[in-house]
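Good morning, and thank you for making time for this presentation. I would ask you to keep the sequence and the structure in view while I speak.

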Amino acid sequence: MIVALAAKDVIAKLTEKFPGALEEAGRDAILVKADSLLEVMTYLKNTPEFDFDFFNFVTAVDYYHYFEVVYHISSVRHNHSIFVKTRCYDRENPSVPSVVSLWQGADFQEREIFDLFGIRFEGHPNLKRIFLWEGFQGYPLRKDFNR
Amino acid sequence: MEIESHGYIYSGDEIDRHEGEVIEATKAKSREAIPDPDAWLEEEVKRNIFLTTLDTAINWSRRSSLWTVICFPACCAFELIAAEGPRFDISRFGMEILRASPRQADLMITAGTLTWKMAPVVRRVYDQMPDPKWVIAMGACGISGGIFRSSYNVVPGYNKIIPVDVYVPGCPPRPEALIHGIRMLQHKIARSKAVPDLSELPNPFKKGDRQ
């Protein structure tokens with residue numbers, strides 16, 4: 001069974017490596033600034049100590065004032081996992097960096113978030129609609145969506 | 001019989017001897033030919049001819065072997081599969097065959113929620129079915145969109161896309177309800193008019209009607 005990694009073990013390493021990249025850190029999740037997300041994710045994946053080689057999922061939450069993009073990654077070798085979150089405060093043109101270059105599994109899920117939330121993933125190789133059809137107006141999973 | 005009473009067979013000679021007895025006994029009681037069990041038909045079949053209309057005969061053949069196209073977008077399909085199976089067994093009514101190709105089918109049972117993205121595909125499947133063809137809207141989603149009616153991507157009822165003959169309510173309908181719906185469709189087909197009136201057809205011998 002995969003054990004959730006205590007965030008405080010990771011935080012110490014990350015603050016040392018990337019000062020100012022963490023916005024806040026909870027009990028089992030770390031909140032990373034959007035512009036340094038890709039560096040932190042690269043570090044988490046490629047460091048042998050963490051070795052997060054498996055991408056569980058990415059999803060997004062609408063908190064009215066900001067969007068939160070939630071990544072769940074885990075390591076098959078070390079048998080641990082962690083939640084990484086990032087926020088984008090711009091509601092008109094929200095965007096976060098894409099992690100497809102690190103984990104191929106993020107490809108379709110980032111397209112789904114782009115389709116249903118309207119969040120752009122910068123650096124995605126094929127960012128286009130996946131569920132809805134061309135010409136659909138609005139973003140159905142946003143809280144303020146009404147027909 | 002002789003050999004079984006011994007319990008054990010010790011040699012091939014005993015088998016041979018038993019075989020000879022069986023053949024001799026069969027031969028002894030097979031001198032006469034067994035009478036043909038269908039011999040009585042020669043007289044009776046003359047009385048079995050009956051007259052009917054072409055409509056009745058065609059409708060009987062149409063409704064008795066409805067072939068269903070596989071178009072099951074969602075969860076009602078499992079009730080349909082149960083109805084297909086041995087417990088409810090809709091092959092009793094002549095329609096156990098599911099066709100993967102709409103070109104070989106004449107009945108569409110719309111088992112499940114239809115999204116707008118799927119709607120053109122369903123319309124295309126329906127258009128590929130040869131006439132005559134019928135549609136059963138199965139379940140709340142098939143009738144009106146069901147609990148997803150107010151959703152942004154769900155078609156509020158199949159009758160927005162294709163003409164529906166019979167509506168089977170339920171969420172999902174029990175297999176008995178589906179079978180009842182199929183029986184209602186069969187009644188509908190039985191009452192329909194299969195042969196057009198000759199006077200309505202274009203007359204090739206009349207000058208104005210020639211095409």
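This is a predicted model: local features need pLDDT of at least 70, side-chain atom pairs count only at pLDDT 80 or more; totals for chains, interfaces and linings use all residues.

Let me begin with chain A. Its secondary structure amounts to eight strands and three helices. In sequence order these run β-α-β-β-α-β-β-β-β-α-β. The radius of gyration of chain A is 15 Å, close to the 15 Å that the globule rule gives for 147 residues, so the chain is as compact as a globular protein of that length. Along the principal axes, the C-alpha atoms of chain A occupy a box of roughly 45 × 30 × 25 Å. Buried residues make up 24% of the 147 in this chain. As for contacts in chain A between residues at least 6 apart in sequence, 43% of them link residues at least 24 apart.

In the first, its axis and that of helix α4(B), residues 54-64, come within 8 Å and cross at roughly 160°. An angle over 145 degrees counts as roughly antiparallel, and α4(B) and α8(B) are therefore roughly antiparallel to each other. The crossing is right-handed. On the α4(B) side the contact involves N59(B), R62(B) and R63(B), which meet Q186(B), I189(B) and A190(B) of α8(B). By class, these residues are two nonpolar, two polar and two charged.

Finally, the backbone. Most residues other than glycine have a negative phi, and most peptide bonds are trans. Where does chain B have a cis peptide bond? One runs from D131(B) to P132(B), with omega near -5°, and P132(B) sits in the loop between α6 and β4 of chain B. Another joins C171(B) and P172(B), with omega about -10°; P172(B) belongs to the loop between β5 and α8 of chain B.

In chain A, Y64(A) has a positive phi, near 70°, and lies in the loop between β4 and β5. With 9 C-beta neighbours inside 10 Å, Y64(A) counts as exposed. N79(A) has phi near 65° and is placed in the loop between β5 and β6 of chain A. N79(A) also counts as exposed, with 11 C-beta neighbours inside 10 Å.

Conventions
Residues are numbered from 1 along each chain as its sequence is written. Chains are lettered from A and ligands numbered from 1 in the order in which they are written. Helices (H or I, at least four residues) and strands (E, at least two) are DSSP runs, numbered from the N terminus. The radius of gyration is taken over C-alpha atoms; the globule rule is 2.2 Å times the number of residues to the power 0.38. A residue is buried if 20 or more other C-beta atoms lie within 10 Å of its own, exposed if 12 or fewer, and partly exposed in between; C-beta atoms are placed from the backbone. Two residues are in contact if their C-beta atoms, placed from the backbone, lie within 7 Å. Axes are lines fitted to C-alpha atoms, for helices over the stretch in contact, and angles run from 0 to 180 degrees between N-to-C directions. Angles under 35 degrees count as roughly parallel, over 145 as roughly antiparallel, 65 to 115 as roughly perpendicular and the rest as oblique. A crossing is left-handed if the near helix is turned anticlockwise from the far one by less than a right angle, and right-handed if clockwise. Ala, Val, Leu, Ile, Met, Phe, Trp, Tyr, Cys and Pro count as nonpolar, Asp, Glu, Lys and Arg as charged, and the others, Gly among them, as polar.
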